[in-house]
Amino acid sequence: MATASTSAPAAAKSATRPANRVGTKSRRGFAAMSPETQRRIASEGGKASHASGRGHRFSAEEARDAGRKGGLVSRRGKTNTSGTK
């Protein structure tokens, strides 16, 4: 009987510890907020960035150049002009 009384509190304690909950995570910070609240806070950050002069808007030419560079990186600089691999 002594083992039953000592194992019950241990089982109750282990069930409440986050490390023992397999497959579940508690939602904290942004993850716990509604999508509308996340959007509002993110928008405020963008507005503050632009107001302080640190924000940046891409021109069409800058966006085109950035997309080209990203494409080169994703293909590791390989171009396929002949249509063969």
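Q: What makes the contact between Lys69 and Asp65 a salt bridge?
A: The side chains of Lys69 and Asp65 come to 3.7 Å, N to O, and a salt bridge is defined as a side-chain nitrogen of Lys or Arg within 4 Å of a carboxyl oxygen of Asp or Glu, so the pair qualifies. The model is a predicted one, in which local features need pLDDT of at least 70 and side-chain atom pairs count only at pLDDT 80 or more, while totals for chains, interfaces and linings use all residues. Residues are numbered from 1 along each chain as its sequence is written, and side-chain values use heavy atoms, with hydrogens and water left out.

Q: How do you know that Lys69 and Asp65 are separated by about one helical turn?
A: The two residues are four residues apart in helix 3, and therefore about one turn lies between them. Helices here are DSSP runs of H or I with at least four residues, strands are runs of E with at least two, and both are numbered from the N terminus.

Q: Why is Lys69 called partly exposed?
A: Its relative accessibility is 46%, and because buried means under 20% relative accessible area and exposed means over 50%, with partly exposed in between (1.4 Å probe, protein chains only), Lys69 counts as partly exposed. Asp65, at 31%, also counts as partly exposed, and Arg68 is partly exposed with a relative accessible area of 46%.

Q: How many salt bridges does the rule give, and which residue does Glu44 pair with?
A: The count comes to three. Glu44 forms a salt bridge with Arg40, the closest N and O atoms being 3.0 Å apart, and both residues lie in helix 2 (residues 35-51), four residues apart, about one turn of the helix. Glu44, at 44% relative accessibility, counts as partly exposed, as does Arg40 at 46%.

Q: How do you know that the length of helix 2 is close to what is expected?
A: Helix 2 has 17 residues and reaches 24 Å from its first C-alpha to its last, and the expected span, defined as 1.5 Å times one less than the number of residues, is 24 Å as well. After helix 2 comes Gly53, whose phi is positive, near 90 degrees.

Q: Why is Gly45 called partly exposed?
A: Gly45 has its place in helix 2, and its relative accessible area of 41% makes it partly exposed. From Gly45 to Gly55 the distance is 10.0 Å, C-alpha to C-alpha, and the two are ten residues apart in sequence.

Q: Where in the protein chain is confidence lowest, and where is it highest?
A: On pLDDT, which is the predictor's confidence in each residue from 0 to 100, confidence is lowest in helix 1 (residues 2-16), at a mean of 53, and highest in helix 2, at 92. The protein chain averages 75, and 61% of the residues score at least 70.
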